[in-house]
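User: I have a structure to go through with you. Can we take it step by step?

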Amino acid sequence: MRFSAWSLLLTVASSVTAVKVNPLPAPRSIEWGSSGPKHVSGHLVLRTSKDTRDHLLTEGWNRAWETIVKLRWVPAATEAPISSFQPFPSATPSATPSGHVHEKRAPTPSLHFVDVVVKDLQADLQHGVDESYTLVVDTASSSVVIKAPTVWGALHAFTTFQQLVIDDGHGGLILEQPVRIKDAPLYPYRGIMLDTGRNFITLGKIREQLDGMALSKLNVLHWHLEDSQSWPIQIDAYPEMTRDAYSPREVYSHADMRHVVRYARARGVRVIPEIDMPSHSSSGWKQVNPEIVACADAWWSNDVWELHTGVEPNPGQLDIIYPGTYEVVRNVYEELSTIFPDNWFHVGGDEIQPNCFNFSRHVTDWFAEDPSRTYNDLVQHWVDKAVPIFRSAREDRRLIMWEDVAVGTESAPDVPKDIVMQSWNKGLENIDKLTADGYNVIVSSSEFLYLDCGHGGFVTNDPRYNVMTNPDEKIPSLNYGGDGGSWCAPYKTWQRIYDYDFTANLTDAQKKRVVGATAPLWAEQVDDVTVSSKFWPRAAALGELVWSGNRDDKGRKRTTQLTQRILNFREYLLANGVQAAPLVPKYCLQHPHACDLYYNQTAIE
Ligand SMILES: *[C@@H]1O[C@H](CO)[C@@H](O)[C@H](O)[C@H]1NC(C)=O
Ligand SMILES: *[C@@H]1O[C@H](CO)[C@@H](O)[C@H](O)[C@H]1NC(C)=O
Ligand SMILES: *[C@@H]1O[C@H](CO)[C@@H](O)[C@H](O)[C@H]1NC(C)=O
């Protein structure tokens, strides 16, 4: 037996070729033998003890089995040793990998059963639930044995297993074995962020993202439901809010949102809603009462930056001083809290623009009353008034806010330490700062994890494009802010994402406060047409980073070993109906490592 985080193409004594396939994310520990392939019977029967029968388990297994049978998957090419290339003309051609050992082996029984033992069927899908599992296929056994403390771990075992079984080329299914997997995530919070405020995304496309998430073991859909541009959410307390949906068809009803929650839960994915407040707020709110929104009709004023009311069009912020704001906030929040069962709820808190409040009589009067008041005091007022409302919805409520509320220029001096901070600025610097302050942190550093970056700016009437030189050149006065013409350019490649050591230089105590990471996809230039290709397969690189990390058991970066895994996984996503973008010419998929920048496989340190 040998340990291997990645697989080798292996020819075995029998006439069929079995493959130690390379599931993504790489399990924490996978131990392969090479006893040759085991045949998988025409129908694998799920066996669980009677009292542990559970419909999520059965549905999860049926889904995995149907996928196995429907796809009859064969990875395009598995990992090959780099020595199969001749590095330089002067070098002696290396021998092809040494041949296999032909041994007489006792025939192994086919697989007939999947035996699943779940210890605690009641464990709810909430933050920190045990998602570990073990999966064992022994040579002498006719079962694959899965043990998991919870249903959620067992569901992960299924998505691993469905990647291990492949077509034998003769109408049968096989599995290289014996195989022993012991698996558990490094981080409890592993997410992607979907923005349905800038552009509407249909339920079908949301399900597609959830399918990709389940396969890559991402477990949180952070749903940025609305933004200043549109309000696509049915709110019974204020039906008029959806007048600011893009159209009557671009609305999520309560039933739609519950459907998303159910679909996600069946796949082990939590749905955490975000209502972004008090900034990024205009559509919907202003229909209830224009007085609760400041500066909705202002020019956003990028041209005279000193006057700007928003970082992008259209501006609008909830009026922090007007008491009527909090009644509407409470009713909207409480209604949504009945739809989303997760204990965690995201209440925004990013990018407050002071100038916007100059349009509010309430705020300007408040400042006039006491000239010592600052914008920090104003934001503190929001925290003091709004957080008790957010907490009161349920006893076990945990709030998430964007880090701006604690570390931005317009931050509040005293933000409760039990609020989870989502960090998107200044990479390691802010993660360090927030964890040192005692906050739990979700890593979403824009320099590494923003999937929308690098596609240029979306604002129109933009003379910066009317230059006869390459607009990639930084022109600070023109606010490009980065190569490629968007503020967070360039595009974040899967290697950039996977290489991110987001706990570098933190103390052990600080490291423990990092609960995981989320890759956001802001949707100014995203709708059904592009959503899947922008998320996938890059989100799967994050999936592995937060599931089993980016290093091998010697502590070396294994980005190069992820190459073939993610290239194959992209094909697998496509086969599963997730419209993942191509990463390379197909040649590179079919010729492992032929497209590496360096021959040296440890060039990435
Ligand atoms: C907004 O009001 C503040 C406080 O009165 C003032 O200092 C600032 O100059 C105003 N901003 C604009 C753009 O008028
Ligand atoms: C970690 O700290 C060392 C020593 O101060 C520094 O050289 C290194 O650049 C830091 N690493 C990161 C990723 O910030
Ligand atoms: C490969 O790259 C690593 C990291 O840069 C370096 O330490 C090592 O010496 C290189 N090996 C060869 C054979 O060049």
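User: What share of the contacts in the protein chain with a separation of 6 or more comes from residues 24 or more positions apart?
Analyst: Those residues account for 75% of them, a contact being heavy atoms within 4.5 Å. This is a predicted model: local features need pLDDT of at least 70, side-chain atom pairs count only at pLDDT 80 or more, and totals for chains, interfaces and linings use all residues. Residues are numbered from 1 along each chain as its sequence is written, chains are lettered from A and ligands numbered from 1 in the order in which they are written, and side-chain values use heavy atoms, with hydrogens and water left out.

User: How many helices and strands in the protein chain?
Analyst: The chain has 17 helices and 19 strands. They are DSSP runs numbered from the N terminus: helices are H or I with at least four residues, strands are E with at least two.

User: And how much of the chain is buried?
Analyst: Buried residues are 55% of the 605. Buried means under 20% relative accessible area, exposed over 50%, partly exposed in between, with a 1.4 Å probe and protein chains only.

User: Now α1. Which of its residues are buried?
Analyst: Leu56, Leu57, Gly60, Trp61, Ala64, Trp65, Thr67, Ile68 and Leu71. They cover an arc of only 160° around the axis, so they sit on the same side of α1; the arc is taken from the directions from the helix axis to the C-beta atoms.

User: What is on the other side of α1?
Analyst: His55, Glu66 and Lys70 are exposed there.

User: What do the buried residues pack against?
Analyst: The partners are β3 (37-47), β4 (111-120), α2 (151-164), β8 (173-176), α4 (254-265) and α16 (559-575).

User: Switching to ligand 1. Which residues are around it?
Analyst: Glu306, Leu307, Asn355, Asn358 and Tyr375, each with a heavy atom within 4 Å of the ligand. The protein covers 42% of the 360 Å² of accessible area that ligand 1 has on its own; areas come from the Shrake-Rupley method with a 1.4 Å probe, and for residues only the protein chains shown count as cover.

User: What does asparagine 358 do there?
Analyst: A polar side-chain atom of asparagine 358 is 2.4 Å from an oxygen atom of ligand 1. For asparagine 355, a polar side-chain atom lies 3.3 Å from a nitrogen atom of the ligand.

User: Which residues surround ligand 2?
Analyst: Leu428, Ala504 and Asn505. The protein covers 25% of the 360 Å² of accessible area that ligand 2 has on its own.

Key
Polar contact = N/O pair within 3.5 Å; in protein donor to acceptor, adjacent residues only side chain to side chain.
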